[in-house]
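Please read the following note beside the sequence and the model, and look up each residue as it is mentioned. The points are grouped by topic.

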Amino acid sequence: MITAIKDFSKLCLHTMTTRPWTIEECIRNYSEAGIHGITIWRNAIENVNLKRVKTLLDDSGMDVVSLCRGGFFPSVNAMKRQAAIDDNLFAIEQAEALGAPLIVLVCGADKEQSLEKSRDQIHEGILRILPTAQQAGVKLAIEPLHPMYAGDRSAINTIKQANDMAEQINSPWTGVAVDVYHLWWDPELREEIDRCALNRHLFAFHICDWKVPTIDFLNDRGLMGEGCINIPVIRSWIESTGFTGYNEVEIFSNIHWGEDQFAYIGKIKQAYLTKT
Ligand code: ZN
């Protein structure tokens, strides 16, 4: 077993984790806290001058890990499917402007059709945006979501399904994002992480915790150590594959958004050192 590096050099925060902050505040405050990895959520850059953000990122020594999120390809409605393609192409432009090497795909689902049909449309959607992504130098990561989201957010619910799709697409520009919140329960997780890495498809690693009980399906994620996920073990599986990317803290939490965000960053750093 590889011993995890216990410093902040591989710590990345998702801007959604500190949702009360603007993109400028995220950049400045993460940097001052000694955290130099950032994954930017698109809600944080709506109506914002991306050139100015890019300059601020560079001046603050920030490393943009990814842009969240693209995807939402499936729909029974062809116009909506086309609108999703257009939105993903726009996301690729945004990623390029920010210097983000990766877009995370929350792939989508439509309750009006079968999961199989939705998966076909996800596959088709990725193929349509892939040439543009490649041209822009932006990779695409399929993020499998916990099955509780199969009705509306993603028809890809296991790492095996994500690996299958990445293998079918068979491009160095399409891979998988592993998020412990979505995948911790899966008895095949370790072997599928190994399979993912073996195919060079392991693009990102997201961490937080699963609270018991969880009181909100979307916005009650826990800080590492607040729940039941054995993050150190999963992180060791990830790192034993040779993965050298960031550990990305992605926490949607009404509770933590209500706290003083500076104090919260301190808690995140502490939890990162002791609980991951
Ligand atoms: Zn995630």
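1. Pro213 is found in the loop between strand β7 (residues 202-207) and helix α8, where helices (H or I, at least four residues) and strands (E, at least two) are DSSP runs, numbered from the N terminus. A cis peptide bond joins Val212 to this Pro213, with omega at about -5 degrees. The model is a predicted one, in which local features need pLDDT of at least 70 and side-chain atom pairs count only at pLDDT 80 or more, while totals for chains, interfaces and linings use all residues. Residues are numbered from 1 along each chain as its sequence is written, and side-chain values use heavy atoms, with hydrogens and water left out.

2. Another cis peptide bond is the one that joins Cys68 and Arg69, where omega is about 0 degrees, and Arg69 itself belongs to strand β3, which covers residues 63-71. Most residues other than glycine have a negative phi, and most peptide bonds are trans.

3. Asn170 lies in the loop between α5 and β6, and with a relative accessible area of 62% Asn170 is exposed (buried means under 20% relative accessible area, exposed over 50%, partly exposed in between, with a 1.4 Å probe and protein chains only). Arg200 has a phi near 60 degrees, again a positive value; Arg200 sits in the loop between α7 and β7 and, at 72% relative accessibility, counts as exposed.

4. Which residues coordinate the zinc ion? They are Glu143 through OE, Asp179 through OD, His206 through ND1 and Glu250 through OE, at 2.0 to 2.2 Å (donors are N, O and S atoms within 2.8 Å of the metal, or 3.2 Å for Na, K and Ca; water is not among the atoms, so sites may look incomplete). Along the chain, these donors follow the spacing E-x35-D-x26-H-x43-E. Because Glu143 lies in the loop between β5 (139-142) and α5 (159-169) while Asp179 lies in strand β6 (residues 174-179), the pair ties together parts that are 36 residues apart in sequence. Glu143 is buried, and Asp179 is buried too.

5. The angles among the 4 donor atoms of the zinc ion run from 82 to 171 degrees, and the site is classed as irregular. Four donors count as tetrahedral if all angles lie between 85 and 135 degrees; four count as square planar and six as octahedral if opposite donors are over 155 degrees apart and all others between 65 and 115; anything else is irregular.

6. His14, in strand β1 (residues 11-14), counts as buried because its relative accessibility is 0%. Leaving aside residues up to four places away in sequence, His14 touches Tyr30, Thr39, Trp41, Cys68, His206, Glu248, Val249 and Glu250 (contact means heavy atoms within 4.5 Å).

7. The structure holds 6 aromatic pairs. In one of them the rings of Trp21 and Tyr30 have their centres 6.4 Å apart and their planes at 50 degrees, so the pair is tilted (rings of Phe, Tyr and Trp, the last by its six-membered ring, pair if their centres lie within 6.5 Å; planes under 30 degrees apart count as stacked, over 60 as edge-to-face and the rest as tilted). Trp21, at 11% relative accessibility, counts as buried, as does Tyr30 at 0%. Trp21 and Tyr30 form one aromatic cluster with Phe262.

8. The count of salt bridges comes to 14 (a side-chain nitrogen of Lys or Arg within 4 Å of a carboxyl oxygen of Asp or Glu). Among them, the side chains of Arg52 and Glu24 meet at 3.2 Å, N to O. As Arg52 lies in helix α2 (residues 50-59) and Glu24 in helix α1 (residues 23-32), this pair ties together parts that are 28 residues apart in sequence. Arg52, at 47% relative accessibility, counts as partly exposed.

9. A further salt bridge, between the side chains of Arg235 and Glu239, has an N to O distance of 2.9 Å. Arg235 and Glu239 are 4 residues apart in helix α8 (residues 231-240), which means that about one helical turn separates them. Arg235 is buried, and Glu239 is buried as well. Elsewhere, salt bridges that share partners join Lys160, Asp164, Glu167, Glu192 and Arg195 into one network.
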